[in-house]
Amino acid sequence: MAEYDIGEAFRRIEDELISSMQRNLSHHINLEEEEGISYTMWQVEQLAALQRYQQENAKEFPKRFEEINTELETVLRDMHEAGGFEQEEEILNAIKKGFVPRSDGETMQATFFGKNSRKLAALINSTRNDMERAETAVLRLVNDQYRKIIYNAQVYYNTGAGTLSQCVDMASHDFLAAGINCVEYKNGARVGIDSYAEMALRTASTRAYLQGEAEMRDGWGINTVKVMARGNACHKCMQWVGRVYYDDVWSEVPPPPAEKRKYPLLSEAIEGGLYHPNCKDTHSTYFEGLEDEPQKPTQKDADKAAETYNAEQKKRYARRQARKYER
């Protein structure tokens, strides 16, 4: 959806943080071996190195994070604009084919470029705030892990588990295998900053695009949308696709009174799970009277969606395993 690879940007930062930690740890291990310093001296040196590590991270990485967040804002604005302009073309083509909108479109530009810009600003601010919290958690986690490795290495070393270098390897193993999994969801699952960033950008980009579409539709008095059953529809949302809805989420054109509605509200589908984080489904304008209602997915479609989902999960697992062993 967005060409900007935010996940890769955070993967590079993760690698740099881990490499820096390894350099700090190995430097004093070499001193211990070469100069015969005691473990207590090594531990004191490591705690001092931890302070330098914290200071260097606090100085270097906020600049990198700000660059990422600025690029993220640009992506969202571009997606919002693309949604509006592509929707305008779609509406004009429908009018050529005989569709009669409820509005003549005279308010379209004022609506798109002014009235609802606060919605986009709110989405950008919300996304930036989420990312900034995750970025703060990254630095906090690596600092805590550094301290934990020092303590665990001491425990292993005091029990005679091996050389200092071996003990540090043992103490570092779990952290290096997991990576910087600093984001915890409500269900207790922890994910890496790269996976979280990809999910956040994908979700926010979809919303920015749909918001741009809705604002353009508002100028023509249109609020009906269709969620199509694509070839790779999200298996979690099959019950909501292949249907027409009144958009009461992004659109400001009110739906008819309940007793006169032909279609359900989009908000009801979203409350039921449509457009969950990482969802790939989307909707487009439904031109009532010009086109037939979309077909609901069959069991064959549902089976294909589940098969596609399982294949994607296997690919993601393979990538996570590859990065785990790289670390």
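**Exercise 1. Decide whether Asp 15 is buried, partly exposed or exposed.**

Solution. Start with the cut-offs: buried means under 20% relative accessible area, exposed over 50%, and partly exposed in between, with a 1.4 Å probe and protein chains only. Asp 15 has 33% relative accessibility, so Asp 15 counts as partly exposed. Helices here are DSSP runs of H or I with at least four residues, strands are runs of E with at least two, and both are numbered from the N terminus. Finally, look across the fold: Gly 179 is 164 residues from Asp 15 in sequence, and their C-alpha atoms are 9.0 Å apart in space.

A word on the model: it is predicted, local features need pLDDT of at least 70, side-chain atom pairs count only at pLDDT 80 or more, and totals for chains, interfaces and linings use all residues. Residues are numbered from 1 along each chain as its sequence is written, and side-chain values use heavy atoms, leaving out hydrogens and water.

**Exercise 2. Find how many helices and strands the chain has, and in which pattern they follow.**

Solution. Count first: the chain has eight helices and five strands. Then read along the sequence: the pattern is α-α-α-α-α-β-β-α-β-β-α-β-α.

**Exercise 3. Describe how H4 and H5 pack.**

Solution. Take the geometry first. Helix H4 (residues 117-158) and helix H5 (residues 164-178) pack at about 135 degrees, with axes 8 Å apart. Axes are lines fitted to C-alpha atoms, for helices over the stretch in contact, and angles run from 0 to 180 degrees between N-to-C directions. This angle makes H4 oblique to H5; under 35 degrees counts as roughly parallel, over 145 as roughly antiparallel, 65 to 115 as roughly perpendicular, and the rest as oblique.

Now the residues. Contact means heavy atoms within 4.5 Å. Among the residues that make it are Ile 149 and Tyr 156 of H4, and Leu 164 and Phe 175 of H5. By type, the contact of H4 with H5 has eleven nonpolar residues, three polar and no charged.

**Exercise 4. Say what stands out about the phi of Tyr 275.**

Solution. Begin with the general rule: most residues other than glycine have a negative phi. Tyr 275 is not a glycine, yet its phi is positive, about 65 degrees. Tyr 275 lies in the loop between helix H7 (266-271) and strand E5 (283-285). Its relative accessibility is 10%, so Tyr 275 counts as buried.

Notes:
Ala, Val, Leu, Ile, Met, Phe, Trp, Tyr, Cys and Pro count as nonpolar, Asp, Glu, Lys and Arg as charged, and the others, Gly among them, as polar.
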